[in-house]
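The topics are grouped for quick reference.

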Amino acid sequence: GGLDRLQDADQVARADAVRGKLPPGGGASVRDIINTAGSVLLEPHFGDVAPEYPHFSQLITKDNRAQAAMDALKIIGGAGVKSKNGLAVLDALELLDADRIRPADSRYAKHVLDELGKRPQNQVLNRSDLVKDDSGIDYWSRFRLEPEFLVVVLATLVHSGDIVLSVPGKKLDASSIDQFGKLGLDDLVSFKHIERPKDLPIAAL
């Protein structure tokens, strides 16, 4: 009766969602179908909630997000192979110029520098100024972006000499950029604050 018609309508809607968007040849797995349908059906809502969320050229999920962020941090730190996922993270965050790390044109990096620029010269920008709790989950509030990706942005700004990043037990500046490939992601995600370099402002000059 009515329940059958609702189920049929739901199946048609889901079929419409994936039509023309799956790999040709009928070789799509159940996982491919679910990911594609979810992406299409949830895109309008997600676009409203996070309109400036980056677009990744590789599939980044909650299961591989931490590793992808670490791969990007290792590239910034000059260690390890330049994995596809690591490069995809840097590219999606607009931190690459060809194959060079260059945060100057990244909207994400500019936002961090703008927020730091609003502080007096000797004042820091705390983690809580950037990261907020949303229903028990931390997000970089401006972009509703996971903190792992914020750390990647911050690492490139350390790399370029624009900021110093304070993490539990130490401060990371451009001279210690290799630490981004060595420290645990949990320590980096739990950073305390960022501040301006206290030496000659090379980036500003």
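**Ring contacts and helix packing**

The charged end of Arg144 sits over the ring of Tyr139, 4.2 Å from its centre. This comes from a predicted model. In another such contact, Arg127 lies over the face of Phe191, at 5.9 Å from the ring centre.

Aromatic pairs

- The structure contains 5 aromatic pairs.
- One of them joins Tyr108 and Phe143 edge-to-face, at 4.7 Å centre to centre and 65° between the planes.
- Tyr108 belongs to helix α5 and Phe143 to the loop between β5 (137–140) and α7, so this pair ties together parts 35 residues apart in sequence.
- Tyr108 counts as buried because its relative accessibility is 1%, and Phe143 is buried with a relative accessible area of 4%.
- Phe143 also pairs edge-to-face with Trp140, with 4.9 Å centre to centre and 80° between the planes; both Trp140 and Phe143 are buried.
- Tyr53, Phe56 and Phe149 are linked into a cluster by ring pairs.

Packing of α3 and α7

- Helix α3 (residues 65–77) packs against helix α7 (residues 147–159) at an angle of about 5°, and their axes are 9 Å apart.
- The two helices α3 and α7 are therefore roughly parallel to each other.
- The residues of this contact divide into 8 nonpolar, 2 polar and 2 charged.
- On the α3 side, the contact residues include Leu73 and Ile76; on the α7 side, they include Phe149 and Val152.

Helix α4

- In helix α4 (residues 84–92), the buried residues are Gly86, Ala88, Val89, Leu90 and Ala92.
- Their cover includes α3, β1 (96–97), α5 (107–117) and α7.

Conventions. Residues are numbered from 1 along each chain as its sequence is written. This is a predicted model: local features need pLDDT of at least 70, side-chain atom pairs count only at pLDDT 80 or more; totals for chains, interfaces and linings use all residues. Side-chain values use heavy atoms; hydrogens and water are left out. Axes are lines fitted to C-alpha atoms, for helices over the stretch in contact, and angles run from 0 to 180 degrees between N-to-C directions. Helices (H or I, at least four residues) and strands (E, at least two) are DSSP runs, numbered from the N terminus. Angles under 35 degrees count as roughly parallel, over 145 as roughly antiparallel, 65 to 115 as roughly perpendicular and the rest as oblique. Contact means heavy atoms within 4.5 Å. Ala, Val, Leu, Ile, Met, Phe, Trp, Tyr, Cys and Pro count as nonpolar, Asp, Glu, Lys and Arg as charged, and the others, Gly among them, as polar. Buried means under 20% relative accessible area, exposed over 50%, partly exposed in between (1.4 Å probe, protein chains only). Rings of Phe, Tyr and Trp (its six-membered ring) pair if their centres lie within 6.5 Å; planes under 30 degrees apart count as stacked, over 60 as edge-to-face and the rest as tilted. A charge sits over a ring if NZ of Lys or CZ of Arg is within 6 Å of the ring centre and within 35 degrees of the ring normal.
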